[in-house]
Amino acid sequence: MRTRLLLGLALLSTGLLAGAFGYGAANLVPTFNAVPLDIRLSFHTELMKMNGITMQAAMGLSIVSSLTLAAVAHGRTRMLAGGAGLLALTSLLVTRFGNVPINGRIKEWARTSAPADHAEVLRRWAMFNDIRTVTALVAFAVLVFAALRKPARD
């Protein structure tokens with residue numbers, strides 16, 4: 001029973017994380033690229049204020065629930081949950097050390113002006129965003145696989 005509840009929590013949190021990142025990659029990033037730079041910078045800055053809380057919570061819950069599931073499960077479920085937890089952790093680390101520093105620069109640009117190399121910096125932000133989106137999606141898929149596979153005596 002405890003394992004099933006943890007699996008449900010891990011599925012819910014990684015699904016929300018993957019969905020949020022997926023929505024951002026499919027809708028927000030193309031919109032960022034379609035509007036004038038000053039609008040993108042202003043919107044990006046405001047969006048990060050909201051995302052700072054909700055996305056960190058989703059990443060944290062995904063990591064904790066997946067790794068807790070790995071600690072209490074056995075066999076293949078343990079391995080799958082541990083892998084999902086590490087993938088969610090990768091999303092967090094890419095965000096913290098890739099996207100967040102660039103978000104700080106974007107916030108400054110919104111108050112002043114973007115430097116000459118802003119397009120390259122924004123491309124790096126998008127690359128980090130793609131990485132964290134894929135790792136979150138794979139973490140969710142791994143847990144879906146764990147939930148749907150025929151339970152062995154693990």
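The protein carries 16 positive and 7 negative side chains, and the centres of the two sets are 16 Å apart. Lys and Arg are taken as positive and Asp and Glu as negative, while His and the chain ends are left out of the count; each charge is placed at NZ of Lys, CZ of Arg, CG of Asp or CD of Glu. This is a predicted model, in which local features need pLDDT of at least 70 and side-chain atom pairs count only at pLDDT 80 or more, whereas totals for chains, interfaces and linings use all residues. Residues are numbered from 1 along each chain as its sequence is written, and side-chain values use heavy atoms, without hydrogens and water.

**Overall build**

- The protein has 4 helices and 0 strands, in the order α-α-α-α from the N terminus. Helices (H or I, at least four residues) and strands (E, at least two) are DSSP runs, numbered from the N terminus.
- Along the principal axes, the C-alpha atoms fill a box of roughly 60 × 20 × 20 Å.
- Of the 154 residues, 38% are buried. Buried stands for under 20% relative accessible area, exposed for over 50%, and partly exposed for values in between (1.4 Å probe, protein chains only).
- Taking contacts between residues at least 6 apart in sequence, 76% join residues at least 24 apart. A contact means heavy atoms within 4.5 Å.

**Helix lengths and bends**

- Helix 1 (residues 2–34) has 33 residues and reaches 47 Å from its first C-alpha to its last, close to the 48 Å expected at 1.5 Å a residue. The expected span is 1.5 Å times one less than the number of residues.
- A kink of about 40 degrees in helix 1 is centred on A25. The bend at a residue is the angle between axes fitted to the seven residues ending there and the seven starting there.
- Helix 3 (residues 75–111) has 37 residues and should span 54 Å at 1.5 Å a residue; the 53 Å between its end C-alpha atoms agrees with this. Helix 3 also bends by about 35 degrees at T95.
- Helix 4 (residues 118–148) has 31 residues and reaches 45 Å between its first and last C-alpha, close to the expected 45 Å.

**Buried face of helix 4**

- The buried residues of helix 4 include V121, L122, W125, N129, R132, T133 and A136.
- These buried residues pack against helix 1, helix 2 and helix 3.

**Individual buried residues**

- F21, in helix 1, is buried because its relative accessible area is 4%. Beyond residues up to four places away in sequence, F21 touches M55, M59, S91, T95, N129, R132, T133 and A136.
- The C-alpha atoms of F21 and D130 are separated by 8.6 Å, although the two residues are 109 residues apart along the chain.
- S13 also lies in helix 1 and, at 3% relative accessibility, counts as buried. Apart from neighbours within four places in sequence, S13 is in contact with A58, L61, S62 and S65.
- H44 sits in helix 2 (residues 37–72) and counts as buried because its relative accessibility is 0%. Not counting residues up to four places away in sequence, H44 touches F32, N103, I106 and W125.
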